[in-house]
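This briefing goes through one protein model, topic by topic. Keep the sequence and the structure in view while reading.

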Amino acid sequence: MTTTTPTPAPAATAKISVQEVSKTFPLRGEDFVALDRVSLDIADNEFVTVVGPSGCGKSTLMNVLAGLEEPTSGRALVDGKDVAGPGPDRGVIFQQYALFPWLTVRKNVEFGLKVAGLPAAERRERAEHFIRLVGLDQFADALPKMLSGGMKQRCAIARAYAVDPSILLMDEPFGALDALTRVTLQEQLLETWSREKRTVMFITHDVDEAVFLANRVVVMAARPGRIYDVVDVGLPYPRTEEVRLSPEFARLRNRVWHSVYHQTPALNAQEG
Ligand SMILES: Nc1ncnc2c1ncn2[C@@H]1O[C@H](COP(=O)(O)OP(=O)(O)OP(=O)(O)O)[C@@H](O)[C@H]1O
Ligand SMILES: [Mg+2]
């Protein structure tokens, strides 16, 4: 059920393939290593969460995949092709919900479709579908300032989904939310994902969230930023309250927690 392989062998079918990616930033005349030979393959429609201490390179890794940062060495591939910049195949959701404050929910969701040149009627229909999917139909004509944090985040999810990317890159999307809203959005995200399958890389600080959502949890370590542990989550979907309260969930959470906070896969020895 669990593996400890820090660098899984690249599979020919990988949707996302990160191969020995290093990223250094100049810092006071020296090279600061934000990512140190990170290798990770993510399968089509897989849901991978990434946890790790602040500064371990999670956002840097996402930015490399989003095409916003170039690796110093190594390769990042999507569908077998080197990432050469941002593209409509990757929907990015940033920690600060980047909605346009002067546009309504509907116009925000339609924005990417307009850029892509879709005719108005088609835009409207697609936006409608995704607004309904995230449960914001009552607020389609509201401006972002009229929405709660959780609703803004759902709008950002609808907007990312609407352009139909095959990959969703989400950087701590629920980080700023209270626990209850967070749990609700986790369940909604999984429900959306089960209906509209995507390959997801989801960054979080929250170990429970990491385990609850994922097929696989990637634990990173800092200085230098690297993959420290990879934990397969064999829990069934849909992930109900029952799953969250199960002994297996607790076991996986403890395992990831130990990896993150002690940077020691503490329970490995017991698993053989
Ligand atoms: N553009 C940049 N220039 C210089 N240093 C950078 C740059 N971007 C990131 N870094 C450094 O690289 C390291 C990793 O940053 P990154 O944002 O990827 O961490 P993170 O794991 O996302 O942290 P957090 O959990 O706090 O969001 C940090 O030490 C950061 O200071
Ligand atoms: Mg970050």
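What radius of gyration would a compact globule of 272 residues have, and what does the protein chain have? A compact globule with 272 residues would have a radius of gyration near 19 Å, and the protein chain has 19 Å, so the two agree. The model is a predicted one.

**Overall form**
- The protein chain is built with nine helices and ten strands.
- Along the principal axes, its C-alpha atoms fill a box of roughly 55 × 45 × 40 Å.
- Buried residues make up 41% of the 272 in the protein chain.
- Among contacts in the protein chain with a separation of 6 or more, 70% are between residues 24 or more positions apart.

**Two domains**
- The domain assignment divides the protein chain into domain 1 (1-89 + 168-265) and domain 2 (97-164).
- Between the C-alpha centres of domain 1 and domain 2 there are 26 Å.
- Twelve residues of domain 1 make contact with twelve residues of domain 2.
- On the side of domain 1 that touches domain 2, helix 5 (residues 179-195) gives the largest share, five residues.
- That side of domain 1 has eight nonpolar, three polar and one charged residues.

**The largest nonpolar core**
- In soluble globular proteins, nonpolar side chains tend to be buried together.
- The largest nonpolar core here has 71 residues, and L65, A158, V217 and V256 touch the most other members.
- Helix 4 (residues 149-162) supplies the largest share of this core, eight residues.
- Domain 1 (1-89 + 168-265) and domain 2 (97-164) each contribute at least three residues to this core.
- Leaving out residues up to four places away in sequence, L65 touches I16, A76, V83, R90, L169 and M201.

**Around ligand 1**
- Which residues surround ligand 1? They are F25, F32, A34, G52, S54, G55, C56, G57, K58, S59, T60 and G225.
- By class, this shell has four nonpolar, seven polar and one charged residues.
- Strand 2 (30-42) and helix 1 (58-66) each provide at least two residues of the shell.
- Helix 1 gives the largest share of the shell, three residues.

**Helix 1**
- Is helix 1 mostly covered or mostly exposed? Helix 1 is mostly covered, with seven of its nine residues buried.
- The buried residues of helix 1 are K58, T60, L61, M62, V64, L65 and A66.
- K58 and T60, both buried in helix 1, are also among the residues that surround ligand 1.
- L65, another buried residue of helix 1, is one of the core residues that touch the most other members.
- After helix 1 comes G67, which has a positive phi, near 85°.

**Around G91**
- G91 is part of strand 6 (residues 90-93).
- Why does G91 count as buried? G91 has 23 C-beta neighbours inside 10 Å, and a residue is buried if it has 20 or more.
- Not counting residues up to four places away in sequence, G91 touches A160, Y161, V163, P165 and L168.
- G91 and S166 are 75 residues apart in sequence, while their C-alpha atoms are 7.9 Å apart in space.

Conventions
Residues are numbered from 1 along each chain as its sequence is written. Chains are lettered from A and ligands numbered from 1 in the order in which they are written. This is a predicted model: local features need pLDDT of at least 70, side-chain atom pairs count only at pLDDT 80 or more; totals for chains, interfaces and linings use all residues. Helices (H or I, at least four residues) and strands (E, at least two) are DSSP runs, numbered from the N terminus. The radius of gyration is taken over C-alpha atoms; the globule rule is 2.2 Å times the number of residues to the power 0.38. A residue is buried if 20 or more other C-beta atoms lie within 10 Å of its own, exposed if 12 or fewer, and partly exposed in between; C-beta atoms are placed from the backbone. Two residues are in contact if their C-beta atoms, placed from the backbone, lie within 7 Å. A residue is near a molecule or strand if its C-beta atom, placed from the backbone, lies within 6 Å of it. Ala, Val, Leu, Ile, Met, Phe, Trp, Tyr, Cys and Pro count as nonpolar, Asp, Glu, Lys and Arg as charged, and the others, Gly among them, as polar. A nonpolar core is a set of buried Ala, Val, Leu, Ile, Met, Phe, Trp, Tyr and Cys residues joined through C-beta atoms within 7 Å. Domain bounds come from an automatic or database domain assignment.
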